[in-house]
Structure formats: structure tokens, C-alpha cells
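Reader: I'd like to go through the side-chain contacts in this model with you, beginning with the charged groups and then turning to the rings and the core. Could you put the structure up for us?

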Amino acid sequence: MEGKLEGPLKVMYVHDGLFFQKYGNLFITKYSGVELEVVNSQWMFNYAGEDINKALQRYVEERQPDVILLNESNFSYAVDNGMLFPLDSVIQQDQFDLDSILPFVTESLKKQGAGVLYGLAPTFSGSALYYNIDLFQKYNIELPRDRMSWQELFALAERFPTNGAGEERIYGLTSSTTSNNAIFDLLSNVARTQGLFYASADGTSLTMDSEAWRTIYENIVNAYKSDAIFDPSNDFFSEDLFLKGQAAMVLEGSYYLNQITQAKDQSGSTMNWDLATIPVDPAEPDATIAMGLTEIFGINANSPNKKLAWEFIKYINGPEVAKTLSRTTDGSLSVRSSFVSEMDGRSLAAFYELTKPRNFNKRYEHLPPGFEDAFAEIVSQETTSILENKQTIDKAFQHIKDRGSQELQQAHEKESITKKDE
């Protein structure tokens with residue numbers, strides 16, 4: 001069939017140029033008879049104030065893309081509302097190779113489709129522990145290893161000196177510079193690693209009233225008290241200390257690879273770095289909270305070009321595109337593990353080591369708008385109060401639960417009033 005495909009094909013994507021750079025040019029080079037049109041998904045935001053899932057549905061109905069771009073938060077909605085064409089029969093008919101795709105990808109998509117595949121994802125995003133080899137060697141500290149626990153990570157960070165000022169100051173661990181509430185993010189991540197979420201499945205109550213939560217909170221407070229962790233949310237103008245060589249470790253997403261490349265190109269950085277997996281729960285050493293599918297492609301159930309749409313999805317999810325994607329550093333990681341990429345001669349295998357995702361997206365869907373930001377601020381305020389020696393851990397933790405529960409109740413009441421007014 002190569003070279004014989006032809007006709008118009010409308011593909012939904014976030015940006016025309018990015019689409020052709022990543023997928024489109026490869027496809028039309030191989031199938032020159034296809035007329036690709038990108039339907040920009042930013043158009044959805046014209047529906048101001050509308051539920052994002054309903055906006056997606058309206059967008060698809062009005063613009064009628066043949067290929068629909070989805071993510072983990074709206075994929076199940078598209079499936080449940082009959083927006084997608086099931087792929088199982090065409091996959092079987094074409095003997096499309098699913099076996100070399102990371103199992104978590106197809107398992108996750110099938111789970112949301114009640115056992116049926118309604119979409120495929122050529123890439124995933126992940127997180128890893130980036131570390132500065134030179135700093136570890138300078139202070140004679142053993143290098144991080146895969147599958148450390150959070151406590152082991154904190155202990156490792158605390159082995160670095162906390163004296164020194166300005167550019168002489170070294171931190172064992174720095175939080176992401178993109179975080180506005182680093183303490184809350186860390187608390188949430190440690191808890192989710194252990195299978196805990198701060199709110200109930202229906203989003204109506206907090207679920208932090210346990211010894212496990214109390215222990216997690218105390219461990220994080222003690223890590224901050226040690227001065228081993230730098231918190232960029234306290235300094236709006238803070239620079240990236242890891243890229244400056246002033247932090248031994250940082251937990252970041254796969255997109256951070258691009259920032260390392262930029263730092264090397266712009267400042268001539270010669271940092272000797274490597275990767276380890278993010279921390280895990282020792283009881284489930286293969287589980288991870290940091291795998292996400294940001295680009296899921298499905299076929300519009302109403303498309304008159306289903307055959308051509310499938311050929312496009314089949315191609316961008318195949319080994320040829322996977323090989324090309326493995327050479328990029330934009331944070332997109334190929335779902336085909338045989339194409340684990342390298343950067344500066346370093347393997348990116350740490351992103352592939354943990355194979356069982358722990359997904360809490362459904363929990364977030366039931367929280368009222370604005371609650372998480374408000375709750376993060378409460379956690380930050382109460383924890384800062386401990387670090388300034390103004391209250392004990394027990395009092396702060398109790399305040400977090402009390403204030404958080406009150407905030408959640410008020411947020412639900414506000415949401416209920418808003419819905420009645422619509």
C-alpha cells in the first residue's frame with residue numbers, strides 16, 4: 001500500500017508547525033498523495049467557561065477532524081460518549097505490532113475503553129532523578145541508584161554540606177523551578193508513591209487522617225529543616241541551581257532534557273550528569289507516579305476517511321517514527337522500548353525502568369475548581385510556620401487537615417451555586 005494512499009486528511013493537533021516537524025513531514029514524504037490539514041486544537045478555548053470535555057465534543061462536531069488528539073484526562077470521556085472508532089479489528093487485520101509497545105500504554109488505554117482499544121499513543125512523558133556526578137565525586141558520596149525510597153533520597157541529599165553562601169552554597173536536592181508550591185508538590189508525590197491521595201475518590205472529603213500521612217509529612221518537614229533541599233517557590237527570581245552546578249540532584253520530567261541541551265549550547269555547560277529512576281515505594285518497586293500519555297490519537301467515529309485515518313495512526317505509532325522520536329530531546333519518549341534513546345552518550349533507560357503507573361487523574365476530576373491551589377497554599381503556610389519555629393509538626397498537620405476540610409466544603413458549595421446559576 002506504500003505510496004498509494006491519497007486524499008484529504010484532517011488531523012487535530014496543538015500547532016501546525018510542531019505537527020509537521022514531529023509527524024506530518026515524515027508521513028507525507030512516504031505518502032505524497034495525502035493532503036494533510038491540521039485542525040488547531042487551541043480553537044477549543046473559544047468556548048469560554050464551558051466544561052473542557054464538552055468543549056472538546058463541540059469542537060469535534062463542528063470541525064470534524066478525522067484524527068482526534070486526546071490526553072489522559074479526556075480520553076475516557078471521548079470513549080464514553082461514542083466519539084471514537086474502535087481499533088481492535090484494524091489492528092488485527094493489519095497485524096499491527098502491539099507487543100513491542102510498553103505494556104502500561106496499551107493496558108491503560110484498554111482499561112479506559114472497557115477492554116477495547118480506541119486510541120494509540122506514540123509517546124509518553126516520564127520523570128527521573130537527574131544528578132550531578134561531579135558534585136557526588138567532589139564530596140565522596142555514592143551515586144544515586146534506581147528504585148531508592150524517598151527516605152533514602154532525603155538521606156542522600158542531607159550528606160551534602162549546608163555551609164557556604166551565594167554561588168558557594170550547595171544543595172543536595174532542589175525542587176523544580178516550575179513549582180509554585182514545592183512543599184505541597186513533594187508531599188503529594190511522596191504520598192502518591194505509596195498509593196495515597198489527599199482526597200476521597202468522590203472528591204468530597206480529605207483522607208489524610210492516618211499515621212501513614214503523618215509520617216510522610218514529618219519526613220518532609222525534617223528534610224526541609226536539614227537545609228538540604230532548596231525551595232524555589234520562596235524565591236520568585238531563583239535560577240535553576242541544578243543547571244548552575246549548585247544542586248546535586250533534581251527531580252524533573254523528560255522535558256528537562258531539552259533544558260540541559262539549551263544550557264550546554266548557551267553557556268557551554270560541561271556538567272557531568274546522569275539519571276536514576278524517581279523514588280519508589282519499596283513494597284511496590286516497579287510502580288511509578290510519573291508516566292503520562294499526553295498525545296493519544298484516535299479516529300473520529302463520524303469520519304468518512306477512517307481507512308486513511310488508521311493508516312496515519314498506524315504509521316506514527318510504528319517503528320519508523322519511533323526511531324526518529326528517539327533522537328529528539330523535547331521530552332517525548334517513544335513507547336517502543338527497543339528505541340530507548342540516548343543523550344550525550346547517556347542512556348535514558350531510567351524513564352523506562354518503572355513499568356506500573358499509579359494514576360490519580362480520576363481523583364482530580366472530582367475536586368472542585370481552584371481547590372488544589374488553595375489547599376497547596378494552606379500546606380505551604382502551615383509548613384513554613386514550622387520551619388520558622390512558630391508551631392509544632394502536630395499542630396501544623398492538624399491545621400492542614402482542618403483548614404483543608406473547610407476549604408474543600410466551601411469550594412463544593414461555591415461550585416454547586418455556580419452550576420445552579422448556569
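Reader: How many salt bridges does a search of the whole structure find?
Author: This is a predicted model, and searching the whole structure gives 19 salt bridges.

Reader: Which residue does aspartate 94 form a salt bridge with?
Author: Aspartate 94 forms a salt bridge with lysine 314, and the closest N and O atoms of the two are 2.9 Å apart. Aspartate 94 lies in the loop between α4 (88-93) and α5 (103-112), while lysine 314 lies in helix α11, so the pair ties together parts that are 220 residues apart in sequence.

Reader: And what is the relative accessible area of aspartate 94, and of lysine 314?
Author: Aspartate 94 has a relative accessible area of 27%, so it counts as partly exposed. Lysine 314 is partly exposed as well, with a value of 22%.

Reader: Is glutamate 311 buried or exposed?
Author: Glutamate 311 has a relative accessible area of 3%, and because buried means under 20%, glutamate 311 is buried.

Reader: Which residues are linked in that network of salt bridges?
Author: The network links Asp94, Lys307, Glu311 and Lys314.

Reader: What about glutamate 152, which residue does it form a salt bridge with?
Author: Glutamate 152 forms a salt bridge with arginine 145, with the closest N and O atoms 2.6 Å apart. Glutamate 152 counts as partly exposed at 34% relative accessibility, and arginine 145 also counts as partly exposed, at 42%.

Reader: Changing topic to the rings, how many aromatic pairs are there?
Author: The count comes to 31 aromatic pairs. One of them is formed by phenylalanine 136 and phenylalanine 160, which are edge-to-face, 5.0 Å from centre to centre and with 90° between the planes.

Reader: Where do phenylalanine 136 and phenylalanine 160 lie?
Author: Phenylalanine 136 lies in helix α6 (residues 133-138) and phenylalanine 160 in the loop between α7 (150-157) and β6 (173-174), so this pair ties together parts that are 24 residues apart in sequence. Both phenylalanine 136 and phenylalanine 160 are buried.

Reader: And why is the pair of phenylalanine 297 and phenylalanine 312 edge-to-face?
Author: The ring centres of phenylalanine 297 and phenylalanine 312 are 6.4 Å apart and their planes are at 75°; planes over 60 degrees apart count as edge-to-face, so the pair falls in that class. Phenylalanine 297 lies in strand β11 (residues 296-299) and phenylalanine 312 in helix α11 (residues 306-316), so the pair ties together parts that are 15 residues apart in sequence. Both phenylalanine 297 and phenylalanine 312 are buried.

Reader: Which residues do ring pairs link into a cluster?
Author: The cluster includes Phe297 and Phe312, along with Tyr13, Phe19, Phe20, Tyr23, Phe27, Tyr31 and Tyr315.

Reader: On to the core, which residues have the most contacts inside the largest one?
Author: Tyr130 and Phe312 have the most contacts inside the largest nonpolar core, which has 76 residues. Helix α11 supplies the largest share of this core, seven residues.

Reader: What does phenylalanine 312 touch, not counting residues up to four places away in sequence?
Author: Phenylalanine 312 touches Leu9, Val11, Phe19, Tyr23, Phe27 and Val67.

Definitions and conventions: Residues numbered from 1 in each chain as written. Predicted model: local features only at pLDDT ≥ 70, side-chain atom pairs only at ≥ 80, totals over all residues. Heavy atoms only, no water. Phe/Tyr/Trp six-rings, centres within 6.5 Å; stacked < 30°, edge-to-face > 60°. Helix = DSSP H or I, 4+ residues; strand = E, 2+ residues; numbered from the N terminus. Buried < 20%, exposed > 50% of the residue type's maximum accessible area, 1.4 Å probe, protein only. Core = buried A, V, L, I, M, F, W, Y, C linked by side-chain atoms within 4.5 Å. Contact = heavy atoms within 4.5 Å. Salt bridge = Lys/Arg side-chain N within 4 Å of Asp/Glu carboxyl O.
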